[in-house]
Amino acid sequence: MGFEHEVVGTTERYRGPIFDVVTDEVTMSDGGTAKRDVVRNKGAVVVVALDDDGRVVLIKQYRHALGRRIWELPAGLRDVEGEDPAVAAARELAEEVDLTAGRMEKLVEVHTSPGFSTEHVVIFLARDLAPVPDADRFDRHDEEADLEVVRVSLDDAIAMILRGEITNAAAVAGLLAAARAL
């Protein structure tokens with residue numbers, strides 16, 4: 001077993017609704033300490049929604065940090081305390097692409113940027129898709145107001161990854177895991 005790193009001090013830098021930023025002072029195996037900035041994130045869920053024709057649902061959404069729209073999978077924060085990840089995934093599927101799933105199976109879990117973030121993403125495979133009734137549809141706003149929603153074959157989605165058209169880490173992991181699982 002390796003050296004056990006311990007946090008000997010923490011300085012809060014930012015507290016926000018989605019994430020917090022702290023600087024931890026951590027013991028190092030050489031006997032010293034080092035400061036490490038950490039983004040503490042609530043975590044997220046991602047859904048690979050696969051229809052009966054073998055197509056996956058992709059969304060193109062504006063991401064301000066990148067200054068452009070990128071292809072992703074339906075996803076959202078785990079911002080309801082104690083909510084089961086599968087329930088959160090079903091909620092996000094309904095909110096973002098107006099779909100329900102008869103089956104929701106966990107595919108894989110990933111830490112998106114473990115060098116500085118605690119973000120933990122649980123990725124699900126949704127099957128037996130059905131539309132959300134018009135009267136029950138979510139009123140999308142902000143970046144979600146103009147989502148582009150498409151369905152492409154899983155093979156085409158994998159090709160999009162390999163061409164660099166899908167770069168969202170959780171989408172890449174989810175699509176590759178779905179391809180392997182199937």
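Author: Two strands are said to pair if DSSP finds at least two bridges between them. Please note also that this is a predicted model.

Reader: How many bridges join β8 to β9?

Author: Strands of a sheet pair through backbone hydrogen bonds, either parallel or antiparallel. Here β8 and β9 run antiparallel, and His 111 stands opposite His 120 in β9. The number of bridges that join β8 to β9 is eleven.

Reader: Which are the edge strands of the open sheet?

Author: The open sheet has four strands with mixed pairing, in the order β7-β4-β9-β8. An edge strand pairs on one side only, and this holds for β7 and β8.

Reader: How far apart are the end C-alpha atoms of helix α1?

Author: Helix α1 covers residues 85-97, which makes 13 residues. At 1.5 Å a residue, the expected span is 1.5 Å times one less than the number of residues, and therefore α1 should span 18 Å. The model agrees, for the end C-alpha atoms are apart by 18 Å.

Reader: Which residue has a side-chain oxygen that reaches the backbone nitrogen of Ala 86?

Author: The contact is found at the start of α1. The side-chain oxygen comes to within 2.7 Å of that nitrogen, and it belongs to Asp 84.

Reader: At what angle to β8 does helix α3 run?

Author: Helix α1 lies across β4, β7, β8 and β9, and its direction is at about 120° to β8. Helix α3, residues 169-181, lies across β4, β8 and β9. The angle of α3 to β8 is about 110°.

How values were computed:
Residues are numbered from 1 along each chain as its sequence is written. This is a predicted model: local features need pLDDT of at least 70, side-chain atom pairs count only at pLDDT 80 or more; totals for chains, interfaces and linings use all residues. Side-chain values use heavy atoms; hydrogens and water are left out. Helices (H or I, at least four residues) and strands (E, at least two) are DSSP runs, numbered from the N terminus. A polar contact is a pair of N or O atoms within 3.5 Å; within protein, one must be able to donate a hydrogen and the other to accept it, and residues adjacent in sequence count only if both atoms are side-chain atoms. Contact means heavy atoms within 4.5 Å. Axes are lines fitted to C-alpha atoms, for helices over the stretch in contact, and angles run from 0 to 180 degrees between N-to-C directions.
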